Amino acid sequence: MAATAAGAARNASLHFEWTGNAQQGELDLSTPLGTLLAEARWQPGRAELRSPDGLREFVDLESLAEAMLGERLPMQALADWLRGRPWSGARFEPLGTEAGGPGRFRQVGWTVDLSGHAEGRIEARRTEPPPAIQLRLRLDPPLP
């Protein structure tokens, strides 16, 4: 994350395991050394977060992510971005063409770079509203 007038930059490195999709699934967050920090489960109309603080329930995945990570993230869109494509639920603006993939684009207030998806890299950045947020995701290759 970038520094803003509101405060200094915060950085976090987390390991995550995501199964399912934007409508129903599971997300486990742990430290790089493997300590489980939180478990999230969601389905239509309900999301729950289990952490050392206990079990909390939310109405949707975005509200859960905000409580878990401290910032509102476009979780519906992120599900498609992880699969190497723009989210089908909102228009996107291409920012250049890349052979064999979507490359860079703007969607739901984020600039997304999927040009490295084949190598397991995704970057997404939001500058407005503050604070600026930058996600750098490194995907493990699928198991055989």
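Predicted model: local features only at pLDDT ≥ 70, side-chain atom pairs only at ≥ 80, totals over all residues.
What covers the buried residues of helix α1 includes the strands β1 (15-20), β2 (25-30), β3 (36-43), β4 (46-51) and β5 (54-58), together with helix α2 (75-81).

The buried residues in α1, which spans residues 61-69, are L61, E62, L64, A65 and M68. Viewed down the axis of α1, these buried residues fall within an arc of 155 degrees, so they line one face of the helix. At the start of α1, the backbone nitrogen of E62 has a side-chain oxygen of D60 within 3.4 Å, while just after the helix G70 adopts a positive phi of about 90 degrees.

## The largest nonpolar core

The largest nonpolar core has 30 residues, of which W18, M68, M75, W81 and W110 touch the most other members. Two or more residues are given to this core by each of β2, β3, β4, α1, α2, β8 (110-113), β9 (121-126) and β10 (133-138), and the largest share, five residues, comes from α2.

When neighbours within four places in sequence are left aside, the contacts of W81 include P74, P86, W87, F105, W110, I122 and A124.

## The five-stranded sheet

Five strands form an open, antiparallel sheet in the order β6-β7-β8-β9-β10, in which β6 (92-94) and β10 are the edge strands, each pairing on one side only. Neighbouring strands of this sheet are turned by 20 degrees against each other on average, with direction ignored.

Within the sheet, β8 and β9 run antiparallel and are joined by three bridges; the bridge partner of D113 in β9 is E123.

Note on methods:
Residues numbered from 1 in each chain as written. Heavy atoms only, no water. Buried < 20%, exposed > 50% of the residue type's maximum accessible area, 1.4 Å probe, protein only. Helix = DSSP H or I, 4+ residues; strand = E, 2+ residues; numbered from the N terminus. Arc of directions from axis to C-beta. Contact = heavy atoms within 4.5 Å. Polar contact = N/O pair within 3.5 Å; in protein donor to acceptor, adjacent residues only side chain to side chain. Core = buried A, V, L, I, M, F, W, Y, C linked by side-chain atoms within 4.5 Å. Pairing = 2+ DSSP bridges. Axes fitted to C-alpha atoms, helices over the stretch in contact; angles between N-to-C directions.
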